[in-house]
Amino acid sequence: LPRTRIETEESITWRKHWLFLLREAMPPMLLGLLFGVLTVLGLFGLPAFLHDRAPWFWLVTLGAAIVSLGRFWWGTADWANDEYIVTDERIIDIEKRPLFFSEQRREAPLGMIQNISLRMPNMLAAIFNYGDVVVQTAGSESFTFERVPNPSDVQREIFRRMDTYREAERQRESALRR
């Protein structure tokens with residue numbers, strides 16, 4: 001399964017839980033495989049009763065396989081494009097569609113964060129350990145890290161970085177006063 005937490009020296013990036021990747025990608029992938037098998041069988045004249053009535057049916061199944069695999073790619077790329085990033089100074093929420101259709105990017109400094117809460121919407125979320133982390137900032141804007149794995153760890157990491165950021169700010173202000 002793909003990684004849902006990517007950590008570098010400067011930032012941590014979370015993606016939605018892998019369960020939502022499977023929900024988006026599995027049906028079109030299975031359909032693509034089914035249509036692919038039917039295409040190969042059609043090229044060999046199987047099943048005979050269908051090949052006798054419509055010898056071109058393999059072209060239809062080939063087209064359906066291509067469409068299904070395209071939908072599989074779209075779902076996978078859409079899942080991978082949604083990122084929730086916390087750096088040493090900022091919080092970033094990126095919601096992006098594949099093929100440059102739309103991108104929504106929101107950012108706020110860590111010093112603007114007022115509250116961080118988490119919610120697990122149902123029993124399935126508790127079983128698979130995913131949920132939403134809601135970050136409220138000064139003003140009316142709030143960030144929602146939707147369906148992230150280990151939401152309590154996400155919340156804890158944001159609190160940790162927020163505390164580090166505020167301590168660095170205090171030290172900068174103290175140095176300026178001196």
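Tutor: The buried residues of α5 are P151, V154, Q155, E157, I158, R161, M162 and Y165. Buried means under 20% relative accessible area, exposed over 50%, partly exposed in between (1.4 Å probe, protein chains only). Helices (H or I, at least four residues) and strands (E, at least two) are DSSP runs, numbered from the N terminus. This is a predicted model: local features need pLDDT of at least 70, side-chain atom pairs count only at pLDDT 80 or more, and totals for chains, interfaces and linings use all residues. Residues are numbered from 1 along each chain as its sequence is written, and side-chain values use heavy atoms, with hydrogens and water left out.

Student: What span is expected for α5 at 1.5 Å a residue?

Tutor: The expected span is 1.5 Å times one less than the number of residues. α5 has 27 residues. From first C-alpha to last, α5 reaches 39 Å, close to the expected 39 Å.

Student: What is the strand order of the open sheet?

Tutor: Two strands pair if DSSP finds at least two bridges between them. Pairing here is antiparallel. The edge strands, β6 (113-119) and β8 (142-149), each pair on one side only. The order is β6-β7-β8.

Student: Which residue of β8 is the bridge partner of G131?

Tutor: Strand β7 covers residues 130-137. It pairs with β8 in the antiparallel sense over 6 bridges. The partner of G131 is V148.

Student: What angle does the direction of α5 make with that of β6?

Tutor: Axes are lines fitted to C-alpha atoms, for helices over the stretch in contact, and angles run from 0 to 180 degrees between N-to-C directions. Contact means heavy atoms within 4.5 Å. α5 (residues 151-177) packs on the sheet and touches β6, β7 and β8. The angle with β6 is about 170°.

Student: Is D93 buried or exposed?

Tutor: D93 sits in strand β4 (residues 90-96). Its relative accessible area is 5%, so D93 is buried.
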